[in-house]
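Trainee: Could we go through this model together, beginning with the ligand and then moving on to the charged pairs?

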Amino acid sequence: MNQIPPQFDVIVVGSGAAGLYACLCLPEHLQVGLITKDTLKIGASDWAQGGIAAAIDPRDSPKLHFADTIKAGAGICDSTAVDFLVKNAGSAIASLVKMGVAFDRKGDKLAMTLEAAHSRPRVLHAADTTGRAIVSTLTAKVLARPNIQIFSEALALSLWLDRGRTSCRGISVLYQNQIHWIGAGAVILATGGGGQVFAQTTNPPVSTGDGVALAWRAGAMLRDLEFFQFHPTALTKIGAPRFLISEAVRGEGAHLVDETGDRFAFKYHPKGELAPRDVVSRAIFTHLQKTAPDPSKVNVYLDLRPIAPDRIRYRFPNIIQVCQQFGIDVFSELIPVAPAAHYWMGGVAVDTKNLTSIDRLYAIGETASTGVHGANRLASNSLLECIVFAAQLSKVKVEAIASEDLPIINYGGSWDEEFKQILMVRQELPLLVWRSAGICRTALGMNKAIDLIQSWRKEFANFETVRIILNQSGDRNLKFSSPDAEKQLRLCSETINLLDIAYLILKSAVFRTESRGGHYRTDYSQTSADWQVHTLIAGDCWRKSNLES
Ligand SMILES: Cc1cc2nc3c(=O)[nH]c(=O)nc-3n(C[C@H](O)[C@H](O)[C@H](O)COP(=O)(O)OP(=O)(O)OC[C@H]3O[C@@H](n4cnc5c(N)ncnc54)[C@H](O)[C@@H]3O)c2cc1C
């Protein structure tokens, strides 16, 4: 059994591409604790298919990559952050290749494909399991590093702040039926996205927005939470998960068709199925709305037959296999697809050094809002963001903090009644958020949802489980004797995080009275110059920012 020490120099929470790469970039003299709530490789990074963008071809340039990113971001990218991203893409790829990531090659050169809204083929890939190739390589490197201790099945519950609440001094973690308070000179949140707050999502079960919720409750500044990207083509088959059918499939020539075989996407945008994701998602939603009373219950299709079979076999072995598993032969049959929540552009506001508004607290990867994605992410820029920004942590300065010897307190702990209610909310909440804050939003629907969410949050505030997680009971380092305690506390922790992020997304979406990028309101369907700003949240205060802040 792996004992958690009371203190590290640095704690990294999350073992996706961002967390793993950060661990490897941190100076080797630092003692690093890597805390991850499932097994090491579980996360969105491992599921990433399409690839990682980098303008490294001689016919391409960081300038063009910059322009495409800014255009996709619909007017609110942070240009300094985008410039940093595209200029450092080449060195990020070189570092991954040097570590051993086996990207596909064409001859002796790295192979590159075109994806929607990119003006050049610049997406590097490893078949259709690019994320797995990156995560496996990084995991092997992390496991070989003596200064990194890994704690799997360890759930970060809350942040530990100093008395003035301006500086982070550690975290509390649920691990092996005990809550541990661990001190650290720096805490890095790399907990990924929050797609599980929506009933239809391509995200893995671990994507419950924990880092954003923890940071918010600690008082950190959040940014642009209303911007969620809905991927147009998730597999829609009864009994199957919303498995992503990568954009690269359309990039390679697949057609998006309706029930009658019509390539309807051209009716909504001149680029048809290769228009930006939000446009294609809305086109599907609108098209289905015309034919079905509840568009969330029907689907359109992807037709891969225009692509040469050999090319399909070479590029999409994983898609072939998963579709086959659910009875679809992609060479002869159409794949039923519909939009699903995919990527959260907003997050914990950070500067280019990943520092949040709280001293010693950093955020990276999908948890962070660096500003590179603006209102809509350009495909394959997120893995790149994980690597480019995590690399900045090689320069992190860590001051030692005084350790505290906290006693372990034995506690009973089984909360069956609370558990039932929490379980009900865990099931109902994603449906509520999908209907009210999904592809098309209105103030009426969102305000109703906020009222219900607030009533749940109020009810939960009195639960003992919640008080323990939020450390309102005053006792630390609790050890539970009930075997159910860990399971119940885990569900409770993820559910309160989901409730918090649902509240934050909805309030932000009501606050922004326009449509832009991934945020579309039927009651404010136009983009407004007055809103070419970020949405900033601190506590319960929402405000507009200047663009670059
Ligand atoms: C199906 C799919 C396909 C995608 N394809 C692409 C693509 O082709 N190209 C691209 O650029 N992007 C793609 N994306 C987006 C991209 O994969 C993610 O944005 C990126 O991988 C996020 O990496 P991350 O390290 O921030 O988070 P993740 O990889 O999600 O890792 C989060 C980690 O945090 C851990 N964690 C979470 N909460 C806690 C907690 N409370 N305590 C402890 N640990 C915790 C999780 O267990 C996990 O280890 C795709 C996303 C999906 C879902």
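**The ligand and its surroundings**

Mentor: A backbone N or O atom of A156 lies 2.9 Å from a nitrogen atom of the ligand. This counts as a polar contact, a pair of N or O atoms within 3.5 Å; within protein, one must be able to donate a hydrogen and the other to accept it, and residues adjacent in sequence count only if both atoms are side-chain atoms. Please bear in mind that this is a predicted model, where local features need pLDDT of at least 70 and side-chain atom pairs pLDDT 80 or more, while totals for chains, interfaces and linings use all residues. Residues are numbered from 1 along each chain as its sequence is written, and side-chain values use heavy atoms, with hydrogens and water left out.

Trainee: How many residues surround the ligand?

Mentor: There are 39, and the closest are S45, G51, D210, E366 and S382; a residue counts if one of its heavy atoms lies within 4 Å. The shell divides into 17 nonpolar, 18 polar and four charged residues. Here Ala, Val, Leu, Ile, Met, Phe, Trp, Tyr, Cys and Pro are nonpolar, Asp, Glu, Lys and Arg charged, and the others, Gly among them, polar.

Trainee: Changing topic, how many salt bridges are there?

Mentor: The count is 26, taking a side-chain nitrogen of Lys or Arg within 4 Å of a carboxyl oxygen of Asp or Glu. One of them joins R122 and D68, at 2.8 Å from N to O. That pair links distant parts of the chain, 54 residues apart: R122 is in the loop between β6 (112-113) and β7 (123-124), and D68 is in helix α3 (residues 62-72).

Trainee: Are R122 and D68 buried or exposed?

Mentor: Both are buried. Buried means under 20% relative accessible area, exposed over 50%, and partly exposed in between (1.4 Å probe, protein chains only).

Trainee: And where do K87 and D83 lie?

Mentor: Both are in helix α4 (residues 79-87), four residues apart, about one turn of the helix. K87 is exposed because its relative accessible area is 56%, whereas D83, at 30%, is partly exposed.

Trainee: What about K267 and D262?

Mentor: Their side chains meet in a salt bridge of 2.3 Å, N to O. K267 has 58% relative accessibility and so counts as exposed; D262, at 25%, is partly exposed. Elsewhere, salt bridges with shared partners join K37, D210, R490 and E494 into one network.

Trainee: Finally, how many helices and strands are in the protein?

Mentor: There are 16 helices and 23 strands, and 61% of the 549 residues are buried.

Definitions and conventions
Helices (H or I, at least four residues) and strands (E, at least two) are DSSP runs, numbered from the N terminus.
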